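Let's take a friendly walk through a protein model. Have the sequence and the 3D view ready.

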Amino acid sequence: MRGSHLDLVQRLSHAVETCPCAHFVRAFGNYPLLDVNALAALVESHLETDADYSYNDHQHGVPWGMGCEAIATRTLRRLQTLDLNAEQRQIGTLYIRQNPDAFHVNRWTSSHAHPEFKLVFETHQDLALLRDVVAHVPDPDAESVARYLLAHPVLLASNKESPSKEVGLEKLFLHPGKIAILRASATGRLDASFPISVELSLTNRCNLGCVYCSDRGLRTRAAAQPDLAPDVLCRLFDELDAGGTQGIVLEGGGEPTMHADFAAITRHLQTTRLSAGLITNGAASLAPELLAAFQWIRVSLDASTAPEWRALKGRDLFNQVLSNLRDYAQHCPTVGVGFVVTNNNTSEIDTLVLRVRQHGVAYIQLRPVVDAPELYPTQIDLSYLLRYQTQSFSVLLDGMYENGLSANAGLPCRAHSLTTVVSADGSVYLCGRLNIHPWLKPIGNICEQSFREIWEGVERHRQARQVRDPDFCRQHCPPCRLTAFNRLLHRLDHTRTPHFI
């Protein structure tokens, strides 16, 4: 059943009208190795459990590219009666998976689960792998295919993609001048150059109540002044532009789009040479021209289903945010998803990755929760999600291993000057992680001083010397993304053969 003018729900419904039935199986045209035995077992389980929807194509099911779905016709009728928007109707069965409180979902598991396999036909490399499997495995099923691929690891890895990373350590190499200054600071010299980018909190107000919020304490301490004044911000932007800073990130304390002058502030940013980024919870619908003003937008999603979202964030906005995400991707050049991994928010992480990839999102960045120890994920391996990567979509997992390191790995912190944090009361902090400690003083305030006065001031010098002390870092530094940069600098310092590649 084809038709580009029809959404997925309409196409499935028309197919059932043509061939009336109580239940049907949906098989995918780019899954040439469909496991028919697993299909039969799925159908049997679907009927036994009287499920609305059943599927076996997930982390604990058959390998990606060998599965299918079983759907009750009554489920399609229900979807037709729901007030779904265009995005939800187009993704169809993915919507069912992510709303298990509204549908009886049967997640069939297999004893031959290999989530690291990619057997879907999307690229020429996929085609070459699939042809090899068909040539060497008669009557392929999950067990026989797994046996063959595990015996041929080079073939198994032949269709894995390695796209560029929009978030991570390798971006530092785009700034050789800063690297040289940071390496020279090993002798104790202070880096006086402006940060590459600045993380700016426009407001302390927020429309969500995330249970793991790392900025809650900072918001409480600065509640008397919830929004930064536009004239202060415009002066800051002009000074940072003149001083060599390259980017501004509008982000928390609170939700930046809640600032009363958010649109005007964004427009002034466009008059400078500064590139603008936005970190948002995605609850707000933003005008196309506003979205286009940002070089990148990252949506903090942090849940794989609607029930997980409600439990973690206190409101029922999961599907609204995902629909907004698609709109963002249509107008902003680079849109990503941030995902804080907890011990209870990855039940449908496969489905979420597929859904955001379908929207044209550039990446999903996963990192562990660090400010709510009771929610910290243990014994979770998400490396299989790399199978969903394409040349235009990245799954970023570095933070799962690097962001969880405390105490700055026992090293002095030189990387703090890569960025700095400005809170919604105008306070400037040397470090965006140490400011969780109530005793940490700001190094200045942009409502009272110029940024250059703050950056070259006595308090910044004092704190910079402080974090250069490994004992201080071991005692006070929480898990921090800058630890990875400090480890890189440490490795470069101790390279014995620097004049060779």
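This is a predicted model: local features need pLDDT of at least 70, side-chain atom pairs count only at pLDDT 80 or more; totals for chains, interfaces and linings use all residues.

This report looks at a pair of helices, a phenylalanine and some salt bridges.

Start with helix α6 (residues 124-136) and helix α7 (residues 142-150), which pack at an angle of about 110 degrees with their axes 11 Å apart. That angle makes α6 roughly perpendicular to α7, and their crossing is right-handed.

On the α6 side, Asp-132, Val-133 and His-136 make the contact, and on the α7 side Val-145, Tyr-148 and Leu-149 do. Sorted by class, these are four nonpolar residues, one polar and one charged.

## A buried phenylalanine

Now find Phe-194 in the loop between α9 (176-184) and β5 (197-201). Is it buried or exposed? With a relative accessibility of 7%, Phe-194 counts as buried. Beyond its neighbours within four places in sequence, Phe-194 touches several residues, including Lys-178, Leu-240, Phe-451 and Trp-455.

## Salt bridges

How many salt bridges does the structure hold? There are 27. In one of them, Arg-97 pairs with Glu-69, with the closest N and O atoms 3.4 Å apart. Arg-97 sits in helix α5 and Glu-69 in strand β3, so this pair ties together parts 28 residues apart in sequence. Both Arg-97 and Glu-69 are buried.

Another joins Asp-101 to Arg-310, with the closest N and O atoms 2.5 Å apart. This pair links parts of the chain 209 residues apart. Asp-101 is partly exposed, at 48% relative accessible area, and Arg-310 is partly exposed too, at 31%. Finally, Asp-50, Asp-52, Arg-74 and Arg-78 are joined in a salt-bridge network.

Notes. Residues are numbered from 1 along each chain as its sequence is written. Side-chain values use heavy atoms; hydrogens and water are left out. Axes are lines fitted to C-alpha atoms, for helices over the stretch in contact, and angles run from 0 to 180 degrees between N-to-C directions. Helices (H or I, at least four residues) and strands (E, at least two) are DSSP runs, numbered from the N terminus. Angles under 35 degrees count as roughly parallel, over 145 as roughly antiparallel, 65 to 115 as roughly perpendicular and the rest as oblique. A crossing is left-handed if the near helix is turned anticlockwise from the far one by less than a right angle, and right-handed if clockwise. Contact means heavy atoms within 4.5 Å. Ala, Val, Leu, Ile, Met, Phe, Trp, Tyr, Cys and Pro count as nonpolar, Asp, Glu, Lys and Arg as charged, and the others, Gly among them, as polar. Buried means under 20% relative accessible area, exposed over 50%, partly exposed in between (1.4 Å probe, protein chains only). A salt bridge is a side-chain nitrogen of Lys or Arg within 4 Å of a carboxyl oxygen of Asp or Glu.
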